[in-house]
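Hi everyone, thanks for coming.

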Amino acid sequence: MSPPAGFTELYATHFQRLATQLYAYLGDHAEAQDLAQEAFCRAYDRWHRISAYDDPIGWVRRVAWNLATSRLRRRATALRYLARQRQEHVAGPEPDRVALVEALAKLPAKHRLAVVLHHLGRLSTAEIAEQQGVAEGTVRSWLSRGRAALAAHVSEESSRA
Amino acid sequence: MPEPMDQTFADFADRTAGTFRAAPVEAVAVAVRRRRRTRRGALAALALAAVIAPLTLLSLGGRGETPPPVITPSTPAVTSPTGSPSPSPSPEAGPAVEVRPVQVPGVPPGFPPHLVFTDADHGWALLERCPADSTACVEDDCSQAGHTCAVVLARTEDGGRTWRRVTGVPSLDGKVINMYALDAQTITLHLIRERFLLTRDGGATFSSHRLSTPPKEALLADARAYGHEGYMVTCPGATGFEDGASGVECEREQLVKIGSGPVRPQPRLGGMPNSASSLHRGADGRFWLLTSPEREGGAMRIQLSEDGARTWRQVPVPAQASSFGLLLSPDGAEVWLTGDAQQLWRLVDRAWQRQADLPEESPPYQIVALGGGILLAANAAGVWRLQDGVFAQVPGLPEMSLNHLPDGTLRGYAIGSVWLSPGTGTAADRPWIKIQ
């Protein structure tokens, strides 16, 4: 039996993007992979309904971020979070990538969420607000403060480039 | 020209996206179907992890000092050397396959069934139909939606030839449900984030149970399905039915006799999720316990109890294995280990002997030991049979997870169907029934 129509394309198109967003948010590569996979599993499980939605990937993203938020909530301390960064072993231009993740890790979770969803997920503040169930102004505030906190890092990166 | 912030994140995405690898969509399908029936807590609920790192969930082992080994490792006796040619399909005709569609009187077509069987004859089906414009389940559990999905519970007593609707059950419409079937009369329905419904009389009546106190029958069904009849390994305080993000973590799991509590003394167990353990109980009375340090590195460990889980001793593992799963034959006498690189060992005269390499991408839950030195192993290409040291493909069978039901029936979960091979024995031509 073939996978349901539409799922394979959605999965192939969005898996890496979603996992990348979760990685930026969580700072844990393996966990990002796991949660993205879990979200797509849930989508597959309910595909007969989700495929009828206007924005199926929106459903997957919401589930993934709910999982990520819950997972992050269980982490004991920021220290533990940062310790995970030091354990990471990834290929490619690791220093740059980890530097951004570390900079993001210093942000409050809500600010980080807004920054990642906006700049990586390409969501508008209205879309983030809808996903998070908060007022759009609240998201603007998170985004503004998150961007400000990241500015030094970005400026440094830009001048290096 | 993009803003510096956008450029930074675009660069990050370019460099990072390629480091993630999605599991094959076929594997997602298998994992989902498996989870629909037997959802487990935390990482185990992420049957997905079995897709990404197939051996971690079913790997077992211990922690701490090493008691004197009673089973000594030996130089592997490789009956089919590593690196030998890949198994090749058999040219022979496949076993007979009878197809039995699920048809419930009074239920119109369009209800895809979710199926679970407790023996060759007795099974349960959940049939669910949602309108195309349903707004149900915008979240992951349907609990917040004005759902309109209709759900029907049915059962069979003749191996899926006929089905009848279970009428004693409360409305299941719009629920997300996992089934834990213990026997012909007993099934627990886990209404996710709501409650448990239990029947002990074949669906004539149901009792309701809070999520915090799952029925013993559900735990027993789950233990039976995973090959550790009557026992479970769990975190203190966990119900055993946490799923996804609500999974319980702990520094040290414990072995529990269902209905009685933790056994005394406890074997050496690791924590969840970083050093999860799994249990196998053989029909010969032996308990096998494997612990797999998942993310922290370290050695795999196997513990064995031959006196009803009262005392434990450590069993050496093959040096080449960094991760493995354990398989028992129906009588518990044959013990097999699978490694993370297609390795396969069999315990012979207290020593692990290397066997023919497994087919590629055959996770432990897709392998079953039949006895007599015979295995069935499934991968994306189908089902393979190990006999006389060689794997040969069984024509006509799809990729499926495999296990034994208590009456000896072989049961496979494939995409969109359940497969049953009633009876016992190791015959290559035992017939199959496809129920869909």
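So, helix H5(B) gives the most to the lining of the largest pocket, with five residues. Helices here are DSSP runs of H or I with at least four residues, strands are E runs of at least two, and both are numbered from the N terminus. A pocket, on a 1 Å grid over the protein atoms alone, is an open set of points where a 1.4 Å probe fits, with protein on both sides within 12 Å along at least five of seven lines, and lining residues have an atom within 4 Å of a point.

Before going on: this is a predicted model, where local features need pLDDT of at least 70, side-chain atom pairs count only at pLDDT 80 or more, and totals for chains, interfaces and linings use all residues. Residues are numbered from 1 along each chain as written, chains are lettered from A in the order written, and side-chain values use heavy atoms, without hydrogens or water.

Which residues are closest to the centre of that pocket? Out of 42 lining residues, they are B:Arg224, B:Ala225, B:Tyr226, B:Gly227 and B:His404. Strand S21 of chain B also gives two or more residues to the lining.

That brings us to the sheet. S21-S22-S23-S24 of chain B form an open, antiparallel sheet in that order, with S21 (367-371) and S24 (390-394) as the edge strands, each pairing on one side only. Pairing takes at least two DSSP bridges; S23 (382-387) and S24(B) have five. Among the bridge partners, B:Gln387 goes with B:Val390 in S24(B). Happy to chat!
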